[in-house]
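Please keep the sequence and the coordinates at hand while reading.

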Amino acid sequence: MEAYKRGDYARTIEAWRPLAERGDTLVQTNLGVLYGKGQGVEKDDEMAVHWFKKAADQGFDIAQFNLGVRYHEGLGVEQDDRQAVKWFRKAAEQGHVEAKYNLGVMYMNGLGVPKDYTQSMKWFVMAAERGVADAQYNIGLMFKNGWGVERDEKQAEKWLSQAAEQGNSLASNALLELRK
């Protein structure tokens with residue numbers, strides 16, 4: 001960790017690789033991040049996926065989330081929203097808040113799964129209750145526009161206000177529009 005804190009990523013990778021090869025999920029995930037950013041090594045998205053997959057297959061939620069992002073964006077793997085949903089779900093079911101939000105987005109937009117506002121709302125609420133402003137914003141929009149729920153300006157204002165209080169400018173704009 002000292003080498004990492006100093007920004008000596010090459011030495012960090014040298015020290016971490018044996019631990020990763022022995023199955024340390026946190027180290028595997030951290031190696032994935034270093035390869036993904038090109039810190040201490042040449043940027044290599046496929047190698048990032050390699051390390052994320054090793055940790056994800058052992059059930060490490062952060063690696064599962066990162067793998068979901070990689071599949072969604074097509075970084076180091078062929079773009080595949082079904083795989084993204086699979087990995088986001090595994091992480092979300094372990095409590096990973098960003099994965100819950102991402103699942104909400106996937107269901108809201110029908111990415112890798114059929115569009116399903118009920119599922120979208122379920123995952124957004126779980127993330128929103130943990131303070132994710134973007135989830136609060138999306139819930140507000142759903143109530144404002146009647147997407148999968150009955151239009152409810154009070155609920156829309158509640159959720160949009162929570163997001164706006166955290167600095168979400170889209171929520172602030174939606175609130176202004178709602179109050180017209």
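The structure is a predicted model, in which local features need pLDDT of at least 70 and side-chain atom pairs count only at pLDDT 80 or more, while totals for chains, interfaces and linings use all residues. Residues are numbered from 1 along each chain as its sequence is written, and side-chain values use heavy atoms, with hydrogens and water left out.

Helix H7 covers residues 97-109, where helices are DSSP runs of H or I with at least four residues, numbered from the N terminus. Its 13 residues reach 19 Å from the first C-alpha to the last, close to the 18 Å expected at 1.5 Å a residue, the expected span being 1.5 Å times one less than the number of residues. H7 is mostly covered, with 10 of its 13 residues buried (under 20% relative accessible area with a 1.4 Å probe, protein chains only). Among these buried residues are Lys 100, Tyr 101, Asn 102 and Met 106. The buried residues of H7 pack against helices H5 (61-73), H6 (81-92), H8 (117-128) and H9 (133-145), contact meaning heavy atoms within 4.5 Å. After H7 comes Gly 110, whose phi is positive, near 65°.

Two packed helices are described by the angle between their axes and the distance between the axes. Axes here are lines fitted to C-alpha atoms over the stretch in contact, and angles run from 0 to 180 degrees between N-to-C directions.

| Helix pair | Angle | Axis distance |
|---|---|---|
| H8 and H9 | about 140° | 8 Å |
| H5 and H7 | about 30° | 10 Å |

Angles under 35 degrees count as roughly parallel, over 145 as roughly antiparallel, 65 to 115 as roughly perpendicular and the rest as oblique. H5 and H7 are therefore roughly parallel to each other, whereas H8 and H9 are therefore oblique.

Is Thr 12, finally, buried or exposed? Thr 12 lies in helix H2 (residues 9-21) and is buried, with a relative accessible area of 2%. Leaving aside neighbours within four places in sequence, Thr 12 is in contact with Ala 3, Tyr 4 and Leu 34.

Conventions: Helix = DSSP H or I, 4+ residues; strand = E, 2+ residues; numbered from the N terminus. Buried < 20%, exposed > 50% of the residue type's maximum accessible area, 1.4 Å probe, protein only.
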